[in-house]
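The structure is shown first for reference.

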Amino acid sequence: MDKSRADEIKTLRRQIADLEDIITECRQVIEPLKESEQHYRLIAENTPAWVFWLDADDKLIYVSPSCRQITGYTPEEFHKDKSLLFKIIHSYDRSLFEEHRRLAHRTKSTGEEDFRIVRKDGQTRWINHVCRAVHTDDGEFAGIVSHNRDITEQKTFSDRLEESEKLCAMLADHINDVVWTLDTNSLKLTYVSPSVERFRGYTANETLRQNLDDMLAPGSFKAAKELLAEELALERAGGSDPNRSRTLELEYRRKDGSSAWMECRVTAIRDVKGAVSELLGVSRDITGLRDLEVAKLACEEQSAVYEKKHKSAEARLRAIMSASADGLILMDTEGKTLAANETAARYFGTDSDALLKKRLYFHLLPHALVEKHRKIVQDVQKSGKPVRFEETLAGKSLLIAVHPVAGPDGRIAQMLICATELTDRKNAEAAVEESRQKMSALFAQEERRLAFFFEKHPAPMLLLDPDRGVIADATPAACAFYGWKKNELAGRKMSEINILTAEENLSEMRRNLMGPGAPSVYKHRLADGTIRDVMVAAGPMELHGKTMICAVITDITERLRMENSLKQAEGPGALGILAGGIARDFNNLMTIVQGYIDVALLDVPENSVIRQSLRQAQDTVEKTRAITGRLLQFSQTDAPQLQPRRIDRIIADTVTEAVKSESIELTLDIPRDLWPVAADENRIRQCLRHLAENAQEAMPGAGKLSVFAENVELHEADDLPLNDGPYVKVSVSDTGQGIPRENLSKIFDPFFSTKTPEDEKRLGLGLALCHAVVNQHGGYITAESEEGQGARFIFYLPARPDAEIPQSVEEKPPVRRRLLIMDDDEDVRKILRLYAEQLGYETQAAAEGQEAIRLYREALDNGSAYDAVLMELSVKQGLGGEAALPKLLGIDPAVKAVAVLSNYDASKQHDFNKRGFAAALGKPFRLDDVRRILQGLFAA
């Protein structure tokens, strides 16, 4: 063997050795690969998911056996037909799948998509497809491995849930109930249907921001809380019906201030464990139709959550349909019934199960009505608009509403039939009409009485037509005042008389239609062109079935002229003259008006609408007493009757009585050891009452009123316009709107006011009276305020720490007595006798003093003496009360006499006492005034 041959053999042996090493290495790699492939095939062939592997050229490399369970095809069929994998994709989803496949190839990343396939047996199934790119060790793209899962059932649950939600939304849009849900822990609404705005005036969003006590009247709020407490107690006790519901009637507050009664049916909503999570309420207006809307359930992605929410939606739907008082039928466009409640079944003379078994809505109807209803349903489907009509079924009069329900594509897919029974409403309307006819004769009689009263009234009165803004009628006194004949006034536009625009006149009339308010001041034009200032007290009046406005006119031109002159005058003298004159004029006029009204009331039945109007007029007259009372304060020239008094109880009692609003929080800090004060109790009470009322007006919604009193020693360093010495300091503070800085120096002026004429409720003298009263007592009053930060009024009264306080006398209730009444006005005598007899007194009357003296002497001689005498101080003819009293005292020194007069001022009571009178009664007076005087007169 030559050398070259030997070298070849060596080389060959080395190559064989290298090859054996390579084979060994390959075996070491192949064995794990075989094991890995075995594991992969074990997993792929036993997982319920369908797995397949495509190489980089989309050629099928592997398909798992589970493909047969999902697609109906075997792995061999997929390997035999390489395009079968793409053929089974549903035609609707092929473009989607192609786009997904191209994206997976382009991005070489994991992707997910849902699409449909058509199985070998023709069924359509939904597939959840997840693919993952496969790369070699060198990073080269080697294909895609895809896992496919059948999600058809999950999709079905989702579709059913969506259908239930659409049905709930459809019901909420078309049923006339108010639907709400309430959280049982926070007692806050979690949902309310938009139909709430129709009944309450608040939008759904506004309602959700309200608390229960904001929505309900106090009594209903209490009833709702009691019901909730009962239900929670039953729930804790267990054993009660979990599907129970409760019904109650609640009074709701409306946005315009009125109230609405609604019938509420409440059912518990439970979670999957059966615990109460919320309350579902369906509320209906007792007198009207109902709208309903229910909240939709949120959609979850997992199939288990879908199923639970679907069941919850179905339970809520059943609760709504069961709670609704309307008959409800849901059907498709062919008339197939999908759902119905028991109310609807009752209207059709069957039950809900039998109704659903009949399947077609038209099969429920009498044969004669089938074509009519079929045509209505077709019209609704074409127009997309609801149709309402009345129908009689099973002997019941029904209002039937057919509402279209749109599907996801916007086309009409279903119909909702809502049937509301009208039988009770029509019966009620018939009863009302019968009652109206029976009352027409009575109304005619009352209108004749009203016409007589209207014609005979001594004050100018106008009857206004608010619809046309014209004068419909006028009293003779009004014709005389304006200078036109009745036929010239009737039909004349109010804007020709009242110096306002036509629109402003109509606005004033609309305000008067809301009810009698405070009198308003206007400028009226007379027939000769003269302009007069007038005060008008107006209110609504029913006449001939129409609401008119009755206006009483008072000429105040001279009064305003005097007021304007007074503003230029200096000193209290001019103010006193004006106040006294106005008070006397008003009292004389209002006594006559009050008397005519009281006489008119005698012949008017108790339940008459005329009596109501006269009572309202009487209340308006009564308001003049407050005006004259304040004016008389300024006409006083005598000093107050000062006596040492402890004023701690005076302050507390007066302020507590004056604060009538429950929304005002009252705080009193009044020590019992306050020094005595030389005070006129009536005037101090009047001052405190004005300060408390002023504070309430500054807090129209709610607020805090604080009253503080203390003993103080004042010195020169205190910088107050008072002498050094002991004082009682009283502070009245509120949290109202405050007083602008520019107005602080004017608030005690008699005629200063920041109110508009429409807002004035009383003469603007309250703070001026307080200033006058404190000055009369030798004290000082001032005010502190910042706009928007409330106000504080402080007054100081001189104190007398060592003064002795007289003991108070205990009052006893009045007993039955005999009264003698003397007045030269027959109407006044008649009214006083009626009042006294109504209070249980025996009465006799005289026209003047001589006759009263004779009657009194005769009664005394007969042993039936009068217990008291009420006498007018001055009469036009004969002996007045002031002159007759000394003669009565000569007959009986123990006689109890009451002075009756028109310009009475309570602060002058001591003057009447000096002249021998026990009390005084000022005109105009009411029954309560007479009762108070007599009770005080006979108190031992």
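1. The model under review is predicted. Two arginines deserve attention at the outset. Arg-492 is placed over the face of Trp-484, 4.3 Å from the ring centre. Likewise, Arg-817 sits over the face of Phe-938, where the distance to the ring centre is 4.5 Å.

2. The next topic is the pairing of rings with one another. A pair of aromatic rings is described by two quantities, the distance of the centres and the angle of the planes. In this model, the count comes to 9 aromatic pairs. One of them joins Tyr-73 and Phe-78, with 6.0 Å from centre to centre and 70° between the planes, an edge-to-face arrangement. Both Tyr-73 and Phe-78 are buried.

3. A further pair is formed by Tyr-856 and Tyr-866. Their ring centres are 6.1 Å apart and their planes meet at 35°, so the pair is tilted; planes under 30 degrees apart would count as stacked and those over 60 as edge-to-face. Tyr-856 belongs to helix α26 (residues 849-861), whereas Tyr-866 is in the loop between α26 and β32 (868-872), and the pair therefore ties together parts that are 10 residues apart in sequence.

4. Are these two tyrosines, Tyr-856 and Tyr-866, buried or exposed? The cut-off for a buried residue is under 20% relative accessible area. Tyr-856 has a relative accessibility of 1% and therefore counts as buried. Tyr-866, at 5%, is buried as well.

5. Finally, ring pairs also build a cluster, which links Trp-50, Phe-52, Tyr-73 and Phe-78.

Notes. Residues numbered from 1 in each chain as written. Predicted model: local features only at pLDDT ≥ 70, side-chain atom pairs only at ≥ 80, totals over all residues. Heavy atoms only, no water. Phe/Tyr/Trp six-rings, centres within 6.5 Å; stacked < 30°, edge-to-face > 60°. Buried < 20%, exposed > 50% of the residue type's maximum accessible area, 1.4 Å probe, protein only. Helix = DSSP H or I, 4+ residues; strand = E, 2+ residues; numbered from the N terminus. Lys NZ or Arg CZ within 6 Å of the ring centre and 35° of its normal.
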